Amino acid sequence: MTGIPDSETSAPLSPGAAASPLSDGEWHRLHPLTPLFRGGLFLVVIVGVVIANLRERLIEWFLPQLPGGGLPPDPVDYILSHNLILIALVVVLGIAVVVFVLFYVSWRFHTFRITDDDVEVRSGVLFRTHRRAPLDRVQGVNLTRPMFARLCGMAKLEVVGGGLDANVKLEYLSTAAAEEVRADILQLASGLRLAAGRSAPEGAPPRRTTAAASAVSAGITGLIVGAEQPVAQPESVVHIPTVRLAASHLLSGSTVALIVILAATVWGAIVGTPWVLVGFIPALLGFGTYWVRGITRALRYSIAPTPSGVRITYGLLTTITETLPPGRIHAIEVTQSILWRPAGWWTVTVNRLSGRSAADGANDQFTTVLPVGTRADVERVLRLLQPGIPEGEWPLVFEHGILGPRDGDPYTNTPRRARLLRPLSWTRNGFLLTPDAIFTRRGLIWRRLGMFPLARMQSVGIEQGPIDRMLGVAAARVHTIAGRVYGGLGAIDRDEAMRLFEAAEAGAITAASADHSHRWAG
């Protein structure tokens, strides 16, 4: 479905790669079914609930009372017996016309355009809004296909900006159009420019009513056909078996919490009343829902390199495909719990700008780039996320960092005099500074390795409390954007912490001046 150009236009796009018809710098409209999927389905559900719960009251309002004050019979029987079919059809048709007009006005005033520099969206009738996402600050482009939208071949495109609530959403487009627009946005964000799109047929331009009729016809055809158009996906470098995914959720901290709750409930039933066991049922249902939701979100997972960055796809019912351009990863963490150690599984999370607050529950799905994987899977994912690490430094990541300490350990660890501060992990608690990144290694029961690229590091802080001063140690923290990856590391030698502070400052300046990944094709 191609949009309908508005009268207002911007400067023509610069020469370069071929642009899709929606990326010509002019204003376009979204898919004609957009109002239905943005709020229409919700409206239908609300109306159904109201009618189901207030049926008798509605009958009393809209139908006359019977002699004697009684309520009329069933509305359908009443309409048939009093020959009110024509009036009822007129009322239903009037309601349908009002809803259609409201949807049309909403669609008519919701437009977008893509220029050399921005993605802009205008919406609203009485209260107008105008959002703009500068392309040089694009942190990613996400393509979401909810289940019902997929049945109609539609998708939602979200351009991730550089600040909180800075995302610009194009909901909805046809799946093919969304793929084309995403490719154009990533092309522009890379530093290249787009050439003019496919040439229009010779002759007079089509009338606006003809274009609108064509767009609505395409939307209705997609609704009737219902088949989702195939989306080209590059070959994934990681494949997660469903059995492993389910087992990883069962061998998790939530399962341990459930067992503790069950034990406490059983003990309460033994010493108190058996009715305490009834309270365990809601907890079991809640944990079951959490497990099922987590598994379905991670199904159909794939991760692969593309010319525009790393493409990650996941989700069974609602499919999300996000593309992370180069230079948008601010921190990486590889984690392994003690429950996963016998199986040799790890998970990989990142700090990145997602346009959502850290407290937003939906933000988790944009920070986990590998739900569960083997050592080979982790290595493939890390090579995609940090392709600039020299080959000779990879043993520092896995052999010494994730699995360490090993013989010849290059990490600076907690000194022996401060082992009481880290009684279990003092030989593992340490850091390593390279010309490209800072690595922090900590945890024995829950192993963690943090990777912080110097080019995107915000600052380094050193803290020292009274106990640290007595032991001659300090705590260092690498500051990045807010996220699940924590950059703090405690109980390291004070002098080593100061050397890290000075060396990281110089290294960050050098790395930032040499880094051009934010405009990777410029």
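This is a predicted model: local features need pLDDT of at least 70, side-chain atom pairs count only at pLDDT 80 or more; totals for chains, interfaces and linings use all residues.
Trainee: Which strands does strand 3 pair with?

Mentor: Strand 3 (residues 111–114) pairs with strand 4 (residues 118–123) in the antiparallel sense, over 4 bridges. Strand 2 and strand 3 are also antiparallel, and they pair over 2 bridges.

Trainee: What are the bridge partners of Thr111?

Mentor: Arg29 has Thr111 as its bridge partner in strand 3, while Arg122 is the partner of Thr111 in strand 4. For Phe112, the partner in strand 4 is Val121.

Trainee: How many residues lie between strand 3 and strand 4?

Mentor: There are 3 residues between them, and the two strands form a hairpin.

Trainee: What is the strand order of the sheet?

Mentor: The order is 2-3-4-5, in an open sheet of 4 strands with antiparallel pairing. Strand 2 (28–29) and strand 5 (129–134) stand at the edges with a single partner strand each, so one side of each has no neighbour in the sheet.

Trainee: Changing topic to helix 6. How far does it reach?

Mentor: Helix 6 covers residues 175–189 and reaches 21 Å from its first C-alpha to its last. That is close to the 21 Å expected for its 15 residues at 1.5 Å a residue.

Trainee: Is helix 6 largely enclosed or exposed?

Mentor: Helix 6 is largely enclosed by the rest of the structure, because 11 of its 15 residues are buried. Among them are Thr175, Glu179, Arg182, Asp184 and Leu188.

Trainee: What follows helix 6?

Mentor: Gly191 follows, with a positive phi near 110 degrees.

Trainee: On to charges. How many salt bridges are there?

Mentor: The count comes to 19 salt bridges. One of them joins the side chains of Glu333 and Arg448, at 3.4 Å from N to O. This pair links distant parts of the chain, with Glu333 in strand 13 (residues 331–336) and Arg448 in strand 19 (residues 447–453), 115 residues apart.

Trainee: Is Glu333 buried or exposed?

Mentor: Glu333 counts as buried, because its relative accessibility is 4%. Arg448 has 27% relative accessibility, so this residue counts as partly exposed.

Trainee: What does Arg441 pair with?

Mentor: Arg441 forms a salt bridge with Asp409, and their closest N and O atoms are 2.8 Å apart. This pair also links distant parts of the chain: Arg441 is in strand 18 (residues 437–442), and Asp409 is in the loop between helix 12 (394–402) and strand 16 (412–413), 32 residues apart. Arg441 is buried, with a relative accessible area of 0%, whereas Asp409 is partly exposed at 21%.

Trainee: And which residue does Arg380 bridge to?

Mentor: Arg380 bridges to Asp377, with the closest N and O atoms 3.0 Å apart. The two residues are separated by about one helical turn, because they are 3 residues apart in helix 11 (residues 375–385). Asp377 is buried, with a relative accessible area of 6%, and Arg380 counts as partly exposed at 38% relative accessibility.

Trainee: Which residues are linked in a network of salt bridges?

Mentor: Arg375, Glu379, Glu399 and Arg406 are linked in such a network.

Trainee: Now the surface. Which residues form the nonpolar patch?

Mentor: The patch includes Leu250, Leu251, Val256, Val260, Ile338 and Trp446, and the accessible area of the whole patch is about 860 Å². Leu250 lies in helix 8 (residues 242–250).

Trainee: What is the accessible surface of the chain?

Mentor: The chain has an accessible surface of about 26,800 Å², and 64% of that belongs to carbon and sulfur atoms. Of its 522 residues, 43% count as buried.

Trainee: Lastly, how many helices and strands are there?

Mentor: The chain has 14 helices and 22 strands. Among contacts with a separation of 6 or more, 59% come from residues 24 or more positions apart.

Key
Residues are numbered from 1 along each chain as its sequence is written. Side-chain values use heavy atoms; hydrogens and water are left out. Patches are made of residues with over 30% relative accessible area and no salt bridge: like charges are joined within 9 Å, nonpolar side chains (Val, Leu, Ile, Met, Phe, Trp, Tyr) within 5 Å. Accessible areas come from the Shrake-Rupley method with a 1.4 Å probe; for residues, only the protein chains shown count as cover. A salt bridge is a side-chain nitrogen of Lys or Arg within 4 Å of a carboxyl oxygen of Asp or Glu. Buried means under 20% relative accessible area, exposed over 50%, partly exposed in between (1.4 Å probe, protein chains only). Contact means heavy atoms within 4.5 Å. The expected span of a helix is 1.5 Å times one less than its number of residues. Two strands pair if DSSP finds at least two bridges between them.
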